[in-house]
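User: I have a new model open and want to learn how to read its features. Where do we start?

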Amino acid sequence: MPRERRAAGCSGRQGLSLFNKPTVLPSFDAQKDGARFDVDLHRIVTHTVVPETGERLKISGLLAVPAGIKGELPLVSWQHGTILSFDQVPSNLTRLADPAYELTDAADSLETLFDVQRFAGRGYAVIAADYVGKGPFRDGRGEGYAVKGVSVSTCIDILAAGQDAMRSLGHRSSKLFLHGWSQGALNTQWLHQALRAKSRPIAATAVASPFNDLNEAWSFWAGFQTFALPRGVTSYPALPNWISLCMIVALGSYELQYKLTGLLRSAVRPEFQDMALNYWKDYQTDFDPNKAFPAGSDLLVPEFFDHATDDRNSAFLRHLAANRASYWNYDAPIRFHYGLADEAIHPAMVFRALAAGGRFASGVPVAGGSHRATFLAGLYGDASTLRGSDNLLKWFHTYLE
């Protein structure tokens, strides 16, 4: 296993400004928020079996540990958000072994760097999976976007491989924490449920901008469902243009994992089918400028949510319902961060999980928080940003005392 070291946070400061839009946090304060340790970064490799298809696949992930420390470390299992490429995976942060390597938003998992800086730079171990269909062992296979079985198996097997690697390096894990954002927030809720079903102790879980109920999320993204303005908010941002690309990736993933052959054609309007099929194959965004680009409200065939438009479309909606994470009774602490200006996840989409989650579930609103800024605020915010709550580093620390 290669051992590669770089001071956590030293390459990502410029990335903070990309996530802090609109501005919800002050400028980065190295004295207050800087790393206390250099960090060793390792690519870990193992195999997983895809529950939906039975395939055995080679997968990779990242292990980040504070340099110069041996023995027991608290452990964060980190699940990253949606990446509309094949290569922006956590384990590619090992490129930082080259001092000349410059991270970019287009090529790297900046949100993983923030988690590594925040936690591994403060004495935690961090383990993060490269999802199936991503990273160095993709081998042309499509991903499993928002598909429960393959997402959970990948995260569990990388978590186990990462802990094995920790032991080989002279570490052992103490308390386990889970953290995820956006797609990774959904993966984190599924992972929490799967680990608790095996009686695995979890100290605390935090998710940011989660789309818990996939049917509800799809209805919102497709313009079929709307929500009232959050309390105290006078306007709300429009859905971003990349939402339709996420929908295409989800359709391709469900077609692949659940063998719904032809789902992309049955669900997408005829005028956008070629574009959708090509994007699912290569994730290239050099779309024909002479052709209309679909918003989420334009992508699906008419009356997709009104009645059965195709057996595959109906099966897709049933699978979405089976995979939702809204109605789980949490028996370990979980915190939901949600932005009051999140362009992709309306706060109302979080409330169902909060209402059903029980006494261990709590919600933390971020005033003015966009999709990215909500995640960032959870890591670096304070009581003024997080409506009286501590940020995640401080919150996790309370479970170590």
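Analyst: Start with contact: it means heavy atoms within 4.5 Å. Helices (H or I, at least four residues) and strands (E, at least two) are DSSP runs, numbered from the N terminus. This is a predicted model, where local features need pLDDT of at least 70, side-chain atom pairs count only at pLDDT 80 or more, and totals for chains, interfaces and linings use all residues. Residues are numbered from 1 along each chain as its sequence is written, and side-chain values use heavy atoms, leaving out hydrogens and water.

User: Which residues in α3 meet α13?

Analyst: E111, F114, D115, Q117, R118 and F119 of α3 do. Their partners in α13 are F375, L376, L379 and Y380.

User: How do I describe two packed helices?

Analyst: Use the angle between their axes and the distance between the axes. Here the axes of α3 (residues 110-119) and α13 (residues 371-380) come within 10 Å and cross at roughly 10°. Therefore α3 is roughly parallel to α13 (angles under 35 degrees).

User: Is α7 mostly covered or uncovered?

Analyst: Buried means under 20% relative accessible area, with a 1.4 Å probe and protein chains only. In α7, 13 of the 15 residues are buried, leaving the helix mostly covered. Just after α7, K259 takes a positive phi of about 55°.

User: What about strands?

Analyst: Two strands pair if DSSP finds at least two bridges between them. Strand β6 (residues 171-181) runs parallel to β4 (residues 71-79), joined by eight bridges. Five bridges join β6 to β7 (residues 204-208), also parallel. F177 in β6 stands opposite V76, and its bridge partner in β7 is A204.

Note on methods: Buried < 20%, exposed > 50% of the residue type's maximum accessible area, 1.4 Å probe, protein only. Axes fitted to C-alpha atoms, helices over the stretch in contact; angles between N-to-C directions. Parallel < 35°, antiparallel > 145°, perpendicular 65-115°, else oblique.
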